[in-house]
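This briefing sets out the pocket, the ligand surroundings, the cavities and the backbone features of one protein model. Please read it with the sequence and the structure in view.

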Amino acid sequence: MKHYFNPMSRGVTTDWMLKELDVPHEQIIIDFSTGENNSPEYRKINPMGKLPALVDGETVVTEVAAICAYLADKFPEKELAPEAGSTERATYYRYLFIAGNTVEPAFSLATFGIEHPQPSSAGWGDMSRVLATIETLTPNVGWALGKQFTAADVVFGGLLDFSMVFKLFEASPKVADYVERIRGRPAYRETHGAFINMGGSSE
Ligand SMILES: N[C@@H](CCC(=O)N[C@@H](CS)C(=O)NCC(=O)O)C(=O)O
């Protein structure tokens, strides 16, 4: 497996997922400063010219949540995904999809002081609904699915962590506690050196 990434990109989340799984892979650093992500070679892998990407033999996976979900299913013995068809699996999908579909666009726009002019027609609605949803979905203790840590925590928790580091929102005490639990994971700490140096961890 080849993991195309850059330590100052959302690729840290897939790097963390690979570390949680502890599986062999080739790490390929793509240099943003030279525009390598927009080279014709890389665009063949991801036409968006964005990182991260995972290439597993003939299989190409892009999008953080898709890569994490693919990896969790590829290594079921690591138990980072609930059983297909279960109620937990449905909840797991909600966390995986809400991150990129709903939380990210709302936060990205809010960073520039923009709200969609018609929230009812935007998939992510508006900031107050997004924040209320994050509050509801964030677990009081443990992980998104309870006792079992899964790729849902890597994707959803990873996005909350990223958003706190880059000050995209003001975390409530409950969300901040969950993110602290995320930051306490050894695999997180091994893959988030740059974030930790930016003040992303209280330790
Ligand atoms: N929706 C994508 C977002 C990926 C993304 O925005 N990556 C940024 C780095 S954090 C990037 O590669 N930007 C380079 C560019 O757009 O030119 C995912 O989940 O993978």
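Helices (H or I, at least four residues) and strands (E, at least two) are DSSP runs, and they are numbered from the N terminus. On that basis, Pro-52 is placed in the loop between α2 (40–45) and β3 (53–56). The model is predicted.

**The largest pocket**

- The largest pocket holds about 720 Å³ of space. Its lining is made up of 30 residues, and those closest to the centre of the pocket are Arg-10, Glu-63, Val-64, Ala-65 and Glu-104.
- Three helices, α3 (64–74), α4 (87–111) and α6 (151–165), each supply at least two residues of this lining. The largest share, seven residues, comes from α4.
- Both domain 1 (2–78) and domain 2 (87–200) contribute to the lining of the largest pocket, with at least three residues from each.
- Sorted by class, the lining of the largest pocket comprises 18 nonpolar, eight polar and four charged residues.

- The side chain of Lys-50 places an N or O atom 2.7 Å from an oxygen atom of the ligand.
- The side chain of Glu-63 has an N or O atom 2.6 Å from a nitrogen atom of the ligand.
- A polar backbone atom of Val-64 is 3.1 Å from an oxygen atom of the ligand. The ligand taken alone exposes 520 Å², of which the protein buries 75%.

**Backbone features beside the ligand**

- The peptide bond that runs from Leu-51 to Pro-52 is cis, with omega near 5°.
- Glu-63 is not a glycine, yet its phi is positive, at about 80°. This residue lies in the loop between β4 (59–62) and α3.
- As background to both features, most residues other than glycine have a negative phi, and most peptide bonds are trans.

**Cavities**

- How many cavities of 30 Å³ or more does a search of the whole structure find? The search finds two.
- The largest cavity contains about 50 Å³ of space. Its lining consists of Ala-106, Leu-109, Ala-110, Ile-114, Glu-115, His-116, Trp-124, Gly-125, Asp-126 and Met-127.
- α4 gives the most to the lining of the largest cavity, with three residues. By class, this lining has six nonpolar, two polar and two charged residues.
- The second largest cavity has a volume of about 30 Å³. Ile-98, Thr-102, Val-103, Arg-129, Val-130, Thr-133, Ile-134 and Leu-137 form its lining.
- The largest share, five residues, is from α5.
- By class, the lining of the second largest cavity has five nonpolar residues, two polar residues and one charged residue.

Methods:
Residues numbered from 1 in each chain as written. Predicted model: local features only at pLDDT ≥ 70, side-chain atom pairs only at ≥ 80, totals over all residues. Heavy atoms only, no water. 1 Å grid on protein atoms, 1.4 Å probe; cavity = no way out; pocket = protein on both sides within 12 Å on 5 of 7 lines; lining within 4 Å. Points joined across faces, edges and corners; volume = space filled by probe spheres on them. Nonpolar A, V, L, I, M, F, W, Y, C, P; charged D, E, K, R; others polar. Domains from an automatic or database assignment. Polar contact = N/O pair within 3.5 Å; in protein donor to acceptor, adjacent residues only side chain to side chain. Areas by Shrake-Rupley, 256 points an atom, 1.4 Å probe, with all protein chains shown as cover.
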